[in-house]
Amino acid sequence: MNALFQYISTVFKGVGTLLTGMKITGKYVFTPWNNVTQQYPENRDTLKMFDRFRGEVIMPHNENNEHLCTGCGICELNCPNGSIEIISKMELTEEGKKKRAIDQHIYHLGMCTFCNLCIKACPTGAIVMGQNFEHAVWDRTKLTKVLNQPGSKIAQGVKE
Amino acid sequence: MSETKEIIISSDKIHTDQYLVNMGPQHPSTHGVLRLLVRLEGEIVHHIQPHVGYIHSGIEKMCESLSYPQVIHLTDRMDYLSAHMNNEAVCLCVENALQVEVPDRVKYVRTIMDELTRLASHQLWWCVMGMDLGALTTFFYGLRDREHILDIFEETCGARMTLNYSVPGGVMFDIHPNFQKRVKAFITEFRKKLPEYDQLLTGNVIFQERTNDIGYLSLEDAIAWGVTGPSGRGSGFSCDVRKHNPYSAYPLVQFEEKLDTRGDSFARYRLRIEEMHESLHIIEQLIDNIPEGDYAVKMKGVVKLPEGEFYQRVESARGEFGVYIVSDGKKNPYRVKFRSPGFSNLFALNKMAAGHKIADLVAIMSTLDLVIPDIDR
C-alpha cells in the first residue's frame, strides 16, 4: 500500500515539475514585449553597430580625396596572417626631395581575422575599423580591396 | 519453421556479440567533429574510444612563426567560448617572463571580463545541455540571456566572441563609458532570470531521471585523468586555479569554490549553475571599484622574451588552461604548448559512460561541456 502511494505521489510530483516549467514558457508567450528578437534584414535602416565594432579595415578620406597613410608598412608587419600588402612608391616633393608614398594599400578581407593589431600599430591613424559586416560576395576575388582611393594623396602635414 | 524453434530454444542462454558503432564525426550531439568509437552490447555501452583530430588546425605550430602579441589572437580560436581567459593566459605568461607589473585597473577589468566570459560560456552550455536531452526551450532562453553579455563585449572590445582584448601589458582599449552601467543592468536582469533556469530544467522530472546517478566519476579517476573545472569539482576534486594559484584580481575578491562529492551528471550540472551565481557575486564586488589609471603599460615595439621556459595556468570555463612557452630569446616563441581542459576531460568519458545506455552517453557528454577546437587546436 505504501509503495503504491509513493508511486502515485511520484507521478503527481513529476507532472508538477513539468507544469512549473510550462509556467515559465507560458509567461513569455503572453508577454511578447519581453522578446529580444531583431527583425534583420528589415531593420537595416535603424540597425546601428557599436562604435568599436570590428567589421572591416577602411581608410577614411577627406573631401579633398586625401588620406593619412604614409606607406610605412607597420600594419603589414603587425598583421598575423598577411591580410595587408603595402606597395609604396617614391614621389618628388615640392622641394625636390624623394619621399616614400603609398601606391596601393591592398587588403585581403577574406584572410582577415579582425584582431585590430594593424589599427593599434598605425602611427598616423590612417586606417580604422569600419562598421559594415555584410561581406558576402559572389566572387572571392572581390574580397581583395585597395583601401586608398584612386587619385588620392597624403594630407598636408602628416609625418611618419 | 524449424529455424524459429531453434532460436527460441537457445534464447534462455542468450549470447549477443559486441559491436562497434561510430558516433560522429557528424553527429549533432558531439558538438562538432568528434568521433567516438563506441563498443556496444545491445544498448549498453562497454567502451568508448574518442578519436580526435578532425579539425586539427595546428595552432601550436603556427604560434612558432608569430610574434607574442600575434599569438594571442589565435588563442581566441581554440576555446572560443572562453576566449578571454585564453588571451589572458598568454598575456600573463609573457608579463611574468618580462616581469612587467600591470596596473590595478587592468587586473580588475580582466577579472570582470573573465567572469563575464565564464557566464556566457555556462549559459551556452546550459542551453545546449537542455537541447541534448530534448528540451528545446532552454536553447532559446539561454541564448537570449547570453546576448546581453555579447553586447557588453561588442561595445568594449569590438567583437562578440573572438575578443582579442588582452595584450601584453594591459588591455587593448579602455573600457567603454557605458561598461559599468551595462554590466550592472545585466546583473540585476540575470539575477531574476537564473531561478527560471532551475524551474525550467533543474527540477524537471525527466531531467532528474536522466542525470541523477548517471555517469559516476570517482575522485581517484578524476585526479588520475586530470579532469579539471566544474567536471572535476563535481567529483570532489578541489582544482580551482582561481583559489589555489590566484592571478589578476582574484586574490582581492571573496568567493567560494563549490565542490560536490557525488560525481554524477547532476553534480556536474549543479556546480555549473552555482558557478554562475558565484561569477555574478565576483563581478558585483569589482564593478564599482575599478581603479582609475592606465589601461596598459607601455611595452617595447618588439616583445622579446628572455631565454627559458615559462608556464602560466588560468581557470577557463571548462577547467585548467595552461600555456607553456619555450623561448630562445627571439621575437617568436621557440615552442608553445597549450594545456587545454577539454582534451583531458574528454578521455575520462570512458570511465563515466561505460555500463550506461547509449542515450545516457549523450547526457554525460553534455555535462563535460566539450568544445572541439579546444580539444583539437
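1. Conventions. Residues are numbered from 1 along each chain as its sequence is written, while chains are lettered from A and ligands numbered from 1 in the order in which they are written. As the model is predicted, local features need pLDDT of at least 70 and side-chain atom pairs count only at pLDDT 80 or more, whereas totals for chains, interfaces and linings use all residues.

2. Overall form of chain A. Chain A has 3 helices and 7 strands; helices (H or I, at least four residues) and strands (E, at least two) are DSSP runs, numbered from the N terminus. Read from the N terminus, the order of elements is α-β-β-α-β-β-α-β-β-β. Chain A is more spread out than a compact globule, because its radius of gyration is 28 Å, well over the 15 Å that the globule rule gives for 160 residues. The radius is taken over C-alpha atoms, and the rule is 2.2 Å times the number of residues to the power 0.38. The C-alpha trace spans about 105 × 30 × 30 Å along its principal axes.

3. Burial and contacts in chain A. Of the 160 residues, 18% count as buried. A residue is buried if 20 or more other C-beta atoms lie within 10 Å of its own, exposed if 12 or fewer, and partly exposed in between, with C-beta atoms placed from the backbone. Among contacts with a separation of 6 or more, 73% come from residues 24 or more positions apart; a contact has the two C-beta atoms, placed from the backbone, within 7 Å.

4. Sheet. Chain A holds an open sheet of 3 strands in the order 3-4-6, with antiparallel pairing. Two strands pair if DSSP finds at least two bridges between them. Strand 3 (84-92) and strand 6 (144-146) are the edge strands, each pairing on one side only. Strand 4 (residues 98-108) pairs with strand 6 over 3 bridges, and A:Lys145 in strand 6 is the bridge partner of A:Tyr107.

5. Backbone details in chain A. The peptide bond between A:Tyr40 and A:Pro41 is cis, with omega about 5°; A:Pro41 lies in the loop between helix 1 and strand 1 (56-58). Two non-glycine residues to check are A:Asn65, with a positive phi of about 60°, and A:Phe114, with a positive phi of about 55°. A:Asn65 sits in the loop between strand 1 and strand 2 (66-67) and counts as partly exposed because it has 13 C-beta neighbours inside 10 Å. A:Phe114 sits in the loop between strand 4 and helix 3 and has 20 such neighbours inside 10 Å, so it counts as buried.

6. Contact between the chains. Chain A and chain B each give 20 residues to the contact. On the chain A side, helix 1 (2-30) and helix 3 (117-121) are the elements that give two or more residues, and helix 1 gives the most, with 7 residues. By class, this side has 10 nonpolar, 7 polar and 3 charged residues. Ala, Val, Leu, Ile, Met, Phe, Trp, Tyr, Cys and Pro count as nonpolar, Asp, Glu, Lys and Arg as charged, and the others, Gly among them, as polar.

7. Chain B. Helix 4 (residues 83-98) of chain B is mostly covered, with 14 of its 16 residues buried. B:Glu256 lies in the loop between helix 11 (241-244) and helix 12 (265-287) of chain B and counts as exposed because it has 12 C-beta neighbours inside 10 Å. B:Glu256 and B:His281 are 25 residues apart in sequence and 9.8 Å apart in space, C-alpha to C-alpha.
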